[in-house]
Amino acid sequence: MGNLCWAHLPCKQGRQKTGGQELVGGLDCTVHRNFFGSQLQSFETELSVPMLAEKEGGNHTCRGVFIRAPAILEVGADVEVLADCPVPAGRPSITISSGEGLEDEVYSKDRVIVAVRQGNILATAFHPELTSDSRWHRLFLDMDKESQSRALSALSLSASSSEAGAVEKNKPLDLPIFE
């Protein structure tokens, strides 16, 4: 039915870290590791995430716990931005190396992306598991349901009605999720 991934960043697609280390990939985005500083600069803040409230209910904000957190500096066309946050005042400037012989640039935007979704991948720069808000986890689980539903629909469209019934009968049972 397809793979589902919840990633704590960093991810880059098709690139290598300085020194040749391959990066995780999968997301069409550029990420800066430890953007907000070392573990000593860890912080919590309220994030505005209207999509989370729309899909999972509750308030349009959620608590973001940032520990040695990365930040997403740019995203591709297929990446849905779910949340961003202000760049803290007094933070040292970050120089972004192009790595392709082009001139380096200093990141100068006042907000930075901290949560994205691309297809069946959900990525956050913060730790939703460290709060009592379970909506990010429900969103992640709902993504799997959507993925399975699309796959079954595709099977049904490509098969005759009798074949589609046979596919449904042979589908393994999922374990229940208790809330």
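Student: Why is Glu56 called buried in this predicted model?

Tutor: Glu56 has a relative accessibility of 15%. Buried means under 20%, so Glu56 counts as buried.

Student: What makes Arg138 partly exposed?

Tutor: Arg138 is at 25% relative accessibility.

Student: How do you know that the side chains of Glu56 and Arg138 meet in a salt bridge?

Tutor: The N to O distance for Glu56 and Arg138 is 3.3 Å. The cut-off is within 4 Å, for a nitrogen of Lys or Arg and a carboxyl oxygen of Asp or Glu, so this pair qualifies. Side chains of opposite charge can pair when their charged atoms come close.

Student: What makes this a link between distant parts of the chain?

Tutor: Glu56 is in helix H1 (residues 50-56) and Arg138 is in helix H2 (residues 135-158). They are 82 residues apart.

Student: Why is the pair of Arg63 and Glu46 called a salt bridge?

Tutor: Their closest N and O atoms are 3.2 Å apart. That is within 4 Å, so the name applies. Arg63 sits in strand E4 (residues 61-66) and Glu46 in strand E3 (residues 43-48), 17 residues apart. The two are also linked with Glu44 in a network of salt bridges.

Student: Are Arg63 and Glu46 buried, exposed or partly exposed, and what makes them so?

Tutor: Arg63 has a relative accessible area of 34%, and Glu46 has 45%. Buried is under 20% and exposed is over 50%, so both are partly exposed.

Student: How do you know that Asp133 forms a salt bridge with Arg135?

Tutor: The closest N and O atoms of Asp133 and Arg135 are 2.8 Å apart. The limit is 4 Å, so they form a salt bridge. Both Asp133 and Arg135 are buried. A search of the whole structure finds five salt bridges.

Student: Which residues touch the most other members of the largest nonpolar core?

Tutor: That core has 25 residues, and Phe36, Leu47, Val49, Phe66, Val112, Val114 and Trp136 touch the most other members. H2 gives the most to this core, with four residues.

Student: Where is confidence lowest, and where is it highest?

Tutor: Strand E1 (residues 5-8) is lowest, at a mean of 46, and strand E6 (residues 80-86) is highest, at 94. Over residues 1-16, pLDDT stays under 50. Where pLDDT is low, the predicted coordinates should not be read in detail.

Methods. Residues are numbered from 1 along each chain as its sequence is written. This is a predicted model: local features need pLDDT of at least 70, side-chain atom pairs count only at pLDDT 80 or more; totals for chains, interfaces and linings use all residues. Side-chain values use heavy atoms; hydrogens and water are left out. Helices (H or I, at least four residues) and strands (E, at least two) are DSSP runs, numbered from the N terminus. Buried means under 20% relative accessible area, exposed over 50%, partly exposed in between (1.4 Å probe, protein chains only). pLDDT is the predictor's confidence in each residue, from 0 to 100. Contact means heavy atoms within 4.5 Å. A nonpolar core is a set of buried Ala, Val, Leu, Ile, Met, Phe, Trp, Tyr and Cys residues joined through side-chain atoms within 4.5 Å.
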